[in-house]
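Please open the model in a viewer and keep the selection panel at hand.

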There are 2 protein chains.
Amino acid sequence: MGLIVQKFGGSSVADAQRVMNVAKIVTDTYKQGNDVVVVVSAQGDTTDDLIEKAAEINPHAAKREMDQLMAAGEQISISLLAMAIESLGFPVISLLGWQAGFNTNSIYGAARIKNIRQNRLQAELARHNIVVVAGFQGINRYDDLTTLGRGGSDTSAVAIAAALRADRCQIFTDVEGVYTADPRKVKDAKKLKEITYDEMLELATLGAQVLNNRSVEMAKKYGVELEVLSSLNPIPGTIVKEYTKMEKMLIRGVTQDKDVALISILGLKDTPGVAFRIFEKLSTKNINVDIILQSFGRDGTKDIIFTCTKDNGALAVELLENMFDDCKIVSNTNVAKVSIVGAGMESHPGTASKMFEALYDSNINIQMISTSEIKISVIIDADEADRAVSAVHKAFIPND
Amino acid sequence: MGLIVQKFGGSSVADAQRVMNVAKIVTDTYKQGNDVVVVVSAQGDTTDDLIEKAAEINPHAAKREMDQLMAAGEQISISLLAMAIESLGFPVISLLGWQAGFNTNSIYGAARIKNIRQNRLQAELARHNIVVVAGFQGINRYDDLTTLGRGGSDTSAVAIAAALRADRCQIFTDVEGVYTADPRKVKDAKKLKEITYDEMLELATLGAQVLNNRSVEMAKKYGVELEVLSSLNPIPGTIVKEYTKMEKMLIRGVTQDKDVALISILGLKDTPGVAFRIFEKLSTKNINVDIILQSFGRDGTKDIIFTCTKDNGALAVELLENMFDDCKIVSNTNVAKVSIVGAGMESHPGTASKMFEALYDSNINIQMISTSEIKISVIIDADEADRAVSAVHKAFIPND
């Protein structure tokens, strides 16, 4: 008994049958005595279809008009879902982003939620309606439609859960929860019962794209308890919250990320401020640098090595070649980042050495290392990534 | 130099190429120094596609949700048209029905416009924007989306023209104007330069579906000068206004309508109130009766004969059979109504006889006759309708 916010992505409502499946999940929750607010994305490929239509007419269209166009996607999915819920005999109403009170700033295509006017939402809940809300969209101070950008529907769901102080925000996806490793690749991968916001954020950054980071950050900020679960098999999933019981696990997950370019600047003159100049330059072009390593050569020069995403790699090399004549710049995109994440490792000094031992035993060479309080990452050869994840997973995750 | 409202239907914006064609017409008008407001329908089959999606999920969906769904159609077409106009280098903004200030009542699916809040429209025109407005849709007092029903976009265009006191409201269609007869059937059919509101209303009722009647009525009420013209060949079309020069034409058009059922109630007892009872009964089932004829038989009985649309015919027979045991009810759906329309005929007493003569000369038998101030209709055999229209057209329209 409580207030539950449920979010379903585009693939969950892709066709009539799936819309009916979602209606079933929603009404089952309502039947258990809960108030239910459902946040939905646009159906399946609708968003891509609309983008294509626009590109055919004007590939550089004003973002305001793109948002006006895109917002039609969720308008279709919410009304269809409301009709499906109605057909099962339950009271329901669909609300567009602006009808549900989503006030945003005016950055079209990537708007931020400023606040949620709750009067309409509260009124519909008071009438015992199941409320179906269009995710991803809002309205700015000029009464123009805006969209929240990538992962926007997750953010919409968490924002509503925060505003209404919901008891839980359930994010339905095509996986059954958060796993200790990619279950398609690591057969012993386990579904986690619980995970902290910080661990979830690290896992998302490291390539386990289950939840959008912005929504996890918002959930953390407002203390919204999240649950990641499957719309095809709605058994209990993974709860994301502030503190968790440790489940005797030192780490929560092993991930790999192959979208990595390793850039080496070799033989730099060792003058003050050279590192600052390099990374300042990269930041002007919005190149996010991940791991940085600096080492000194014998002849009074130094080497600076860093990683960024593959699509930024070429641009980074180009920028740097114009800065220095007297050094060698090498780019390697055949690398992967393998990481372990877990709030428990802070108080366990042997965690890093245990990871390195597992890799050594598998004869995998480590090129770079980076550590934070709840994460250890290594850069290795891309071809060895799968083998590395399996080895590290086996070393850390108890196999029962 | 003035303010022009232009309306384009769904087929005019069916694909990228047609959207660009509309953008060209709009910007040509703007380049001539006019302020331009464009009203657009949903693209081609979008509306039908959305109806189908809904029917698959819930064939009896709440009308509020149907309107929420349908309104997405124009949202797509206005943003695409705005992008097309932008690509030609002109300032433009798209507005949804509610953004353009369309306040309606709450009859979902067939809402009536109550008023248009003009502040946003006026502000955008003051910024010299071309304003693209979603036709067919508005918002009610609960902030819920509504649609105006059949022909709604024409009504939207006329309502905006009335509110803004536009100099002209151009309705772009797939024909080049209003013709004296269907040009596909009558080779001498002529495009009219001008026609009165009343004549246009009669022509629409009689099956020449160029303009929706509701929009013509509204145009008449607010004195909005309409022009019907082609989006594929935008040469001057037909102006619809209060008074016209007569152009030496007695009549403006000859039309035929085959959606007619002729119902005969034969041998009724001649008791008072019998006609009243019949038509009261029919009106309770929303059966609109067109022409009525009553005649007396020799034996103290009477016959009542009337016409209605074909789909109402069967229902009418069923209703009447339960009312009377002692008379014979015959339904004939193989009939057509051929009519002439023209404000000039009022002052020309010979008009009717000229029409009947033309039919007699072609050996066409008249079954019923109905006349009004600006219209004469006859019911004839359906198979002779085309021949009748040609004969009457030839008799009245000067062939230059």
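Begin with chain B of this predicted model and select its strands S13, S18, S20 and S19, which in that order make up an open, antiparallel sheet of four strands. The edges are held by S13(B), residues 253-257, and S19(B), residues 368-372; each has a single partner strand, so one side of each is left without a neighbour in the sheet. From one strand to the next, the twist averages 20°.

Next, select S19(B) together with strand S20 of chain B, residues 375-381: the two run antiparallel and are joined by five bridges. Within this pair, B:Ser370 stands opposite B:Ser377 of S20(B). Helix H11 of chain B, residues 385-396, lies across S13, S18 and S20 of chain B and runs at about 170° to S13(B).

Move on to another sheet of chain B. Here eight strands form an open sheet with mixed pairing, in the order S3-S6-S2-S1-S9-S11-S12-S10. Strand S3(B) (92-95) and strand S10(B) (194-196) are at the edges, and each has a single partner strand, so one side of each is left without a neighbour in the sheet. Direction ignored, neighbouring strands of this sheet are turned by 20° against each other on average.

Select S1(B), residues 3-8, and S2(B), residues 35-40; these strands run parallel and are joined by six bridges. B:Leu3 has B:Asp35 as its bridge partner in S2(B). Helix H1 of chain B, residues 16-31, lies across S1, S2, S6 (130-134) and S9 (168-173) of chain B, at about 170° to S1(B).

Now display both chains. How is chain A superposed on chain B? A rotation of 180° with 0.0 Å of shift along its axis does so, with an RMSD of 0.1 Å. That is the relation of a two-fold axis. The same surface serves both copies, as 100% of the contact residues of chain A recur in chain B. To find the axis from chain A, select A:Ala72, whose C-alpha, at 2.5 Å, comes closest to it among the residues of that chain.

The structure holds one cavity of 30 Å³ or more, and the largest cavity contains about 60 Å³ of space. Residues of both chains line it, including A:Ala71, A:Trp98, A:Gln137, B:Trp98 and B:Gln137. By class, this lining has seven nonpolar, four polar and no charged residues.

Definitions and conventions: Residues numbered from 1 in each chain as written. Chains lettered and ligands numbered in written order. Predicted model: local features only at pLDDT ≥ 70, side-chain atom pairs only at ≥ 80, totals over all residues. Heavy atoms only, no water. Least-squares fit on C-alpha atoms with pLDDT ≥ 70 in both. Contact = heavy atoms within 4.5 Å. 1 Å grid on protein atoms, 1.4 Å probe; cavity = no way out; pocket = protein on both sides within 12 Å on 5 of 7 lines; lining within 4 Å. Points joined across faces, edges and corners; volume = space filled by probe spheres on them. Nonpolar A, V, L, I, M, F, W, Y, C, P; charged D, E, K, R; others polar. Pairing = 2+ DSSP bridges. Axes fitted to C-alpha atoms, helices over the stretch in contact; angles between N-to-C directions.
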